[in-house]
Amino acid sequence: MAGTLMLSLLSGCGGSTESEAVSQSNAGSEKVGGQGEITIGVTSFADTLEPTEQYFSWVVSRYGVGETLVRFDDEGEIVPCLAKGWEISEDQLTWTFEIREDVKFSNGDDMTPELVKASLERTFALSDRASTFFEPESMEVEGQNLVIKTREPVAILPGSLADPLFLIVDTQVDTDSFAMNGPICTGPYAVESFSPTDACVVVKNEYYWDGEVPLDRVTLKCVDDQTTRSMALQTGEVQIAYNLKTENLVEFEDSDQYQIQQLESLRSTYAFMNQNGALKDKTLRQAVIRGLDKETYCNTLLEGGATPGKAPVPPTLDFGFDELKDENEYNPESAVELLQDAGYEDLDGDGFVETPEGEKLELNFVIYTSREELNVYAQAAQANLKDIGIDVKLNTVSYETLLDMRDSGSFDMLIWNVLVANTGDPEKYLRENWHSTSSSNQMGYQNQEVDSLLDQLSKEFDDGARKELIIKIQQLIMDDAATVFFGYETTYLISSTDVTGVNMYPMDYYWLTKDISRTK
């Protein structure tokens, strides 16, 4: 992976649905309590564990249930997992993955190359997202190898297969039960019960292939409110709390009972601006961006818990952040001038401008708040834009509803928080959001040069050339005032010191791993 990832470790001085697969996949897991189990406080965005639905495969991976052919290590590098290794042909069209022979699914079924192929074919059949990574010309089994041939060279194919969307499931079982009972996979844990609004309980996979699994049962408890999640860690209700923020640190940093990990993450928070509506006017988009005081949002409101945004790719990755020129940096006076010169005036004296055609201008800003910083950004943006005469209405919805509204284009602005290097570098992220043909690009953004450079990037294997292309693509997106880049968050993971093996990964696909155990 290009770039430097900053990771530091600070030591402080509802009901559930019973899984029908439990009896098959977890015979012998009867020890509960004490050292045998822990509870983890999480934010959840899954209303199903079917891994081909939306982005819910991330939950299956984070909860230690699903694994992929390759994975990312704690440095963000691609390493083998269910595949022992891989190679590419000279024409860069054929990839050969050697499948491990010693792997069983959590129900005891052997994971064969044929079942790996069937699992990937299922993903391509059920998920519209799969083909946005790559489109296989063919997939064939040759002995212990899976051979994938593509129509065009795909530089990021191994990294694509590390995305949780491509986790390997047992297709021989009743796959219709995956949604509420959890898929049958190869990870260190298997689903015992799942309630979207309450918790997911997983138990030790007795057939796990990669060493001993220390814990018998783990409850991943849904606690969306970060203050409540922090309190749960302090009272001992949970032993690990994900996605706490800077303001929570004071509660733990002076105690030797907790371990604090900090990561300058690869996540970006941004807002799409829908060019199929009022924001088709580039001048209005420029005024919006220039009206936002992102330095204050990140350094004051979030107490330094984020780096102010300007570009698609965070400075934690070496893709030209410092050399990119931001002509729309914070300048509210310039924003007002842009609006006035373009004919946006307050005709009725209510403090908000009307369009040059004299129509009411009201921007519908869709947000979700399972990440507290999103609400901070949105409310601060609403206040800043009011100051320059732009009326913004906040529409707070669930993550699942937000996905539907994004896909249908039912917004003027829509907040988004995403991992920018989910395949090892930003190519997939850039294509998914700003290529004119992307199914996720429902904001009407089109730039033929961006499309051409992204198409060139997909076939480019040289790291230096890829970096140059990514820098050019970012500059074009910024020049088009296509998107509001709010900030790049610092992520914190706080855990009780009696829980060991807890680690943060740059690719946050991995939360519960086989390395986590409890000492008392």
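Let's start with the second largest cavity: 16 residues line it, and T491, M504, Y505, D508 and W511 are the ones nearest its centre. A cavity here is a set of points, on a 1 Å grid over the protein atoms alone, where a 1.4 Å probe fits but cannot get out, and lining residues have an atom within 4 Å of a point. The space inside comes to about 160 Å³, with volume taken as the space filled by probe spheres set on the grid points, which are joined across faces, edges and corners.

What kinds of residue make up the lining of this cavity? Nine are nonpolar, four polar and three charged. For this count, Ala, Val, Leu, Ile, Met, Phe, Trp, Tyr, Cys and Pro are nonpolar, Asp, Glu, Lys and Arg are charged, and the others, Gly among them, are polar.

## About the model

This is a predicted model, where local features need pLDDT of at least 70 and side-chain atom pairs count only at pLDDT 80 or more, while totals for chains, interfaces and linings use all residues. Residues are numbered from 1 along each chain as its sequence is written, and side-chain values use heavy atoms, with hydrogens and water left out.

Strands are DSSP runs of E with at least two residues, helices are runs of H or I with at least four, and both are numbered from the N terminus.

β20 pairs antiparallel with β14 (residues 258-264) over seven bridges; two strands pair if DSSP finds at least two bridges between them. In that pairing, Y258 has S496 as its bridge partner. β13 (residues 240-244) is joined to β20 by four antiparallel bridges, and Y242 is partnered with L493. Finally, β16 (residues 306-308) runs antiparallel to β20 with three bridges, and T307 partners Y488.

## A four-stranded sheet

Another part of the fold is an open antiparallel sheet in the order β6-β7-β9-β8. β6 (83-88) and β8 (136-142) are the edge strands with a single partner each, so one side of each has no neighbour in the sheet.

Inside the sheet, five bridges join β7 (residues 94-99) to β9 (residues 145-150), and F97 has L146 in β9 as its bridge partner.

Definitions and conventions:
1 Å grid on protein atoms, 1.4 Å probe; cavity = no way out; pocket = protein on both sides within 12 Å on 5 of 7 lines; lining within 4 Å.
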